[in-house]
Amino acid sequence: MKQTLSIWMLTLTLGAVAALNATTCSAADEYDYDLVHSSVSFKARHLDISWIHGRFNDVSGKFILDREDPTKSTFSLTIQADSVDTANEARDKHLRQPDYFDTKQFPTIEFKSTSVKVIDGGFEVAGDFTMHGKTNPVTLTLMGGKEHEIRGVKRVAFSTETRLKRSDYGFDPKAIGPIGDEAIIIIDCEGVQP
């Protein structure tokens, strides 16, 4: 009888732990980067008199939003560098070469969050930004986060803009001049629940 009671208590305890874990997981929503409704674009100065605009067409990512404890939220983004598109085939081919993105040696550009803080209207997300084989800390201000459900599918969106210097990521110094060192990165990201 005593052994039966112990087994019953153990089963009850394990059940309670499983239920607690399920509750904890459900507090965080996971979203995949929606390539159809998102974009990663950039612009850089040309001869310091105008702007060159471009975008990356192959991007993936995932973010997990913990509404109860936003500091536990995470964000990640992976850009295929050879998907660079400036609406000029010859220039895009050049941008993939070793004096620019060197996409054969460094095929991806990545961001992975390390901490998240709630701010008015969004989140301040610190993380590691890796480009051209070099990683630097970057803090992004993500505005948005409003969730919308359509046809039973939940969506959430953010936007951010940041400035990076190519010289901080080991780009060929000879290629910095006609095209400015600083690039402005604009990310409009919509996430969809898988």
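Asp102 sits in the loop between α2 and β7 (108-119); helices (H or I, at least four residues) and strands (E, at least two) are DSSP runs, numbered from the N terminus. The phi of Asp102 is near 50°, a positive value in a residue other than glycine.

Ala87 has a positive phi too, near 65°, and again this is a residue other than glycine. Look for Ala87 in the loop between β6 (84-85) and α2 (89-95). Ala87 counts as exposed, with 76% relative accessibility.

## About the model

This is a predicted model, in which local features need pLDDT of at least 70 and side-chain atom pairs count only at pLDDT 80 or more, while totals for chains, interfaces and linings use all residues. Residues are numbered from 1 along each chain as its sequence is written, and side-chain values use heavy atoms, with hydrogens and water left out.

## Salt bridges

The structure holds eight salt bridges, each being a side-chain nitrogen of Lys or Arg within 4 Å of a carboxyl oxygen of Asp or Glu. One of them pairs Lys62 with Asp32 at 2.6 Å, N to O. That pair links distant parts of the chain, with Lys62 in strand β4 (residues 59-66) and Asp32 in strand β1 (residues 28-33), 30 residues apart. Lys62 is partly exposed at 32% relative accessibility, and Asp32 is partly exposed as well, at 24%.

Another joins Arg155 and Glu190, whose closest N and O atoms are 2.8 Å apart. Arg155 belongs to strand β10 (residues 153-165) and Glu190 to strand β11 (residues 179-192), so this bridge ties together parts that are 35 residues apart in sequence. Back with Lys62 and Asp32, bridges that share partners bring in Glu30, putting Glu30, Asp32 and Lys62 in one network.

Then there's Glu124 with Lys117, at 3.5 Å from N to O. Glu124 is partly exposed at 30% relative accessibility, and Lys117 is partly exposed with a relative accessible area of 45%.

## Around Asn136

Asn136 is in strand β9 (residues 134-150). A polar atom of the Asn136 side chain lies 2.9 Å from the backbone oxygen of Asp168. Setting aside neighbours within four places in sequence, Asn136 is in contact (heavy atoms within 4.5 Å) with Gly127, Asp128, Phe129, Asp168 and Tyr169.

How values were computed: Polar contact = N/O pair within 3.5 Å; in protein donor to acceptor, adjacent residues only side chain to side chain. Buried < 20%, exposed > 50% of the residue type's maximum accessible area, 1.4 Å probe, protein only.
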